[in-house]
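Biologist: I have the coordinates open and would like to go through them with you. May I ask about the sheets, the cores and the helices in turn?

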Amino acid sequence: MSRPRLAVHALARCRPSLRVAGLPRAPHGAPRRALHATVVRQHGSITRPEPGTGIKLNFRDAKGDVLKVVEANEGDDILSIAHEHDIDLEGACEGSVACSTCHVILSPQHYDLIPEPEDDENDMLDMAFGLTDTSRLGCQVKLTRTLDGMDVQLPSATRNMFVDGKKPTHH
Amino acid sequence: MPPLKLAVVGGGPSAFYVASRLLSLLPHHQPRGADLKIHIYDRLWAPHGLVRYGVAPDHPEVKNVTHKFDQAAADDRFRFFGNVQVGPQSSHIIPHALSLPLDALSQHYTHILFATGCTIPTLHDVLPPSDRIQSALSLVHWYTQHPSHSNPPPLDTISHVTLIGQGNVSLDVARMLLSGSSALEQYDVPEVVLDVMRRSSVRHVSIVGRRGPHQAAFTTKELREMMNLKDASLLPIDPAVLEPPPDAKLSRQQSRILQLLQKGSVNAPRSTPKSWSLDFFRSPAAFSQLPSGKLRISLAHTALDLHERAISTGETSALETDLVVTALGHHADPAQAFYDPALRHLRTLSGRIINPLGRAVKNVYASGWAAMGARGVLASTLLDAYAVADTIIADHFPGATGATTSIAPTAPPAVSEERLTAENVVLNSIPAAVEQGLEDGRVVGYEQWKAVDAEEVKRGAEKGKERERMGWEEARTFLARPV
């Protein structure tokens, strides 16, 4: 593990305010107050269940290969779980639904069990790369018992997104 | 292992994401990470580029990205030097920055990354800047109190503003003009800006674009925020404009934007003190100034050709307005090394700088808007930055497996004989002028920035707001105080 992460980990330990696991979702249309509610999704932001008692998740890479099978508790969100287990899932805006970097693809049978995304999440998914019909923002999916065994696949990113030297004409 | 001593020119999100990725992929305790140094130079005294001087104040959650930048900066292999302008620029808009020639920098480094962004607003052919015609960038510079010292717009004497361009920057400016000071007071809006906003007499904002709703560059979130404005309503749009062409295959984003437009604003048209309009298929063709001081803009009506280009239909209409704000995108500074006039940004291939002969310049890279042009949200900047970090690692440690993004670095193109960077460097050396600047208090390190940052937040909290910003003179005085 890299040193900077350790540094923040230590900081999170000594400053309980940094350990807020998630912001309450703002009601529809209301501005999200995220001024100083620093949400640092690092180790320690969630607790791991006793092995064998938690909800199982299969994290898969873009090719579909299993990266890690992990266990987590009811109410934990996918982004926090990913960070707890060193899965390379970004959370640039730290769960405030202002980016699409924690985009994940869920197994269809589990996707249908989750409450539908709200407008703000859908607005961010509009901009996600490699969007599928079962895409969600990891920060917005909270675990329930029925999601046991769910696949969580990281989307594929390709160089095609960054067209070196070519610019679409706007004329 | 040969040292990897990287100078990054520019200290915005792309620079910090490349740094963060390199530091975490090449950990301290591994041989490959032992001789890694990353030094970021920014022409501004404060780091984080558009996160500080671009993100709209009412989007505070976007600024959470800086926590990751702080983490990178906490690594002792990282240093930041603010207030250093590296290489030429076409206008010296940052008067107090230390000017450092590129070769004075490059002799201290084995690698250089240009993360210089797109700092120049693209102007409109028929709308040259004047006191009544401003770029959106100058407004953004004003409301973020950017060190270039943009003059405040005359909001207290005008009622009608016309934005040219239909991207997110345009909607940011519209939202700032229509939100009202009371909705913005809690955020990171400097008091001098709020003072002007409190006196604003702006009642209507027209947002003009030469193409239609399916070509508009704004994103769903920004449009929704416009629709939800408390004191403003959208004037009705001609329903014909909102009919999708019969053979059109709309993307998810296009369909959702269309639905939002069809629904209109939460407030009924004209039910509010302020209003806004989206004027599609209109392109400024000429303007004249009326005796009253107002501008009369002649708008050519347009339609799309087969390639979705806007062509004039021959019809025109006139729009009278008090202030024109052009929001037509940005490009890189043409005075910069490796600038390609056709691309309007630096010429790169998979993050490697390409010289005019089509060869890669050894150990010289570019990332972010400097390499891609000014488009894409933060997520695309992040992915691009990670891919560039992978390319740097793949070039420096050939054969080693290190890439962790799913974006495999492409094989290096033919490499030029020219050498911009040094072969042998002293790991901790920095240019003498920068050393002197640090001593004089003119060059700002990351720890000093964090001290200013904390003070700004503290001063903001006293007023019940996110932060109260300092300008350079204030920051310099604050940093020089006896501790």
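Biologist: How many bridges join strand 1 of chain A to strand 2 of chain A, and do they run parallel or antiparallel?

Modeller: Please bear in mind that this is a predicted model. Strand 1, residues 55-60 of chain A, is joined to strand 2 of chain A by six bridges, and the two run antiparallel.

Biologist: Which residue is the bridge partner of Ile55(A) in strand 2 of chain A?

Modeller: The partner of Ile55(A) is Ala72(A).

Biologist: What is the strand order of the open sheet in chain A?

Modeller: The five strands are arranged in the order 2-1-5-3-4, and their pairing is mixed. Strand 2 (66-72) and strand 4 (135-137) of chain A are the edge strands, each pairing on one side only. On average, neighbouring strands of this sheet are turned by 35 degrees against each other, direction ignored.

Biologist: Turning to the cores, which residues have the most contacts inside the largest nonpolar core?

Modeller: They are Ile38(B), Ile40(B), Trp45(B) and Phe78(B), in a core of 55 residues. Another core, of 48 residues, lies apart from it and includes Leu171(B), Leu177(B), Val202(B) and Met226(B). In general, nonpolar side chains in soluble globular proteins tend to be buried together.

Biologist: Where is Ile40(B) found, and is Ile40(B) buried or exposed?

Modeller: Ile40(B) belongs to strand 2 (residues 36-42) of chain B. Its relative accessible area is 0%, so Ile40(B) is buried.

Biologist: Which residues does Ile40(B) touch, leaving out those up to four places away in sequence?

Modeller: On that basis, Ile40(B) touches Val8(B), Gly10(B), Gly11(B), Ala15(B), Phe16(B), Ala19(B), Phe78(B), Arg79(B), Phe80(B) and Phe81(B). Ile40(B) and Phe78(B) are 38 residues apart along the chain, and their C-alpha atoms are separated by 7.9 Å.

Biologist: And Ser135(B): buried or exposed, and why?

Modeller: Ser135(B) counts as buried because its relative accessible area is 12%, and the cut-off for buried is under 20%. This serine is found in strand 8 (residues 133-135) of chain B. Not counting residues up to four places away in sequence, Ser135(B) touches Pro121(B), Val325(B) and Thr326(B).

Biologist: Now the helices. How many residues of helix 7 of chain B are buried?

Modeller: Ten of the twelve are buried, so helix 7 of chain B is mostly covered. Among them are Leu171(B), Asp172(B), Arg175(B) and Leu177(B).

Biologist: What span should helix 7 of chain B have at 1.5 Å a residue?

Modeller: The twelve residues, 168-179, should span 16 Å, and the end C-alpha atoms are 16 Å apart, which agrees. Gly180(B) follows this helix, with a positive phi near 90 degrees.

Biologist: Which residues of helix 4 of chain B are buried?

Modeller: They are Thr66(B), Phe69(B), Asp70(B), Gln71(B), Ala72(B) and Ala73(B). With six of its eight residues buried, helix 4 (residues 66-73) of chain B is mostly covered.

Biologist: Finally, at what angle do the axes of helix 15 and helix 16 of chain B cross?

Modeller: The axes of helix 15 (residues 446-462) and helix 16 (residues 472-480) of chain B cross at roughly 110 degrees and come within 10 Å. Helix 15 of chain B is therefore roughly perpendicular to helix 16 of chain B.

Biologist: Which residues make the contact?

Modeller: Helix 15 of chain B contributes Gln448(B), Ala451(B), Val452(B), Glu455(B) and Arg459(B), while helix 16 of chain B contributes Glu474(B), Ala475(B), Phe478(B) and Leu479(B).

Terms used:
Residues numbered from 1 in each chain as written. Chains lettered and ligands numbered in written order. Predicted model: local features only at pLDDT ≥ 70, side-chain atom pairs only at ≥ 80, totals over all residues. Heavy atoms only, no water. Pairing = 2+ DSSP bridges. Helix = DSSP H or I, 4+ residues; strand = E, 2+ residues; numbered from the N terminus. Axes fitted to C-alpha atoms, helices over the stretch in contact; angles between N-to-C directions. Core = buried A, V, L, I, M, F, W, Y, C linked by side-chain atoms within 4.5 Å. Buried < 20%, exposed > 50% of the residue type's maximum accessible area, 1.4 Å probe, protein only. Contact = heavy atoms within 4.5 Å. Expected span 1.5 Å × (residues − 1). Parallel < 35°, antiparallel > 145°, perpendicular 65-115°, else oblique.
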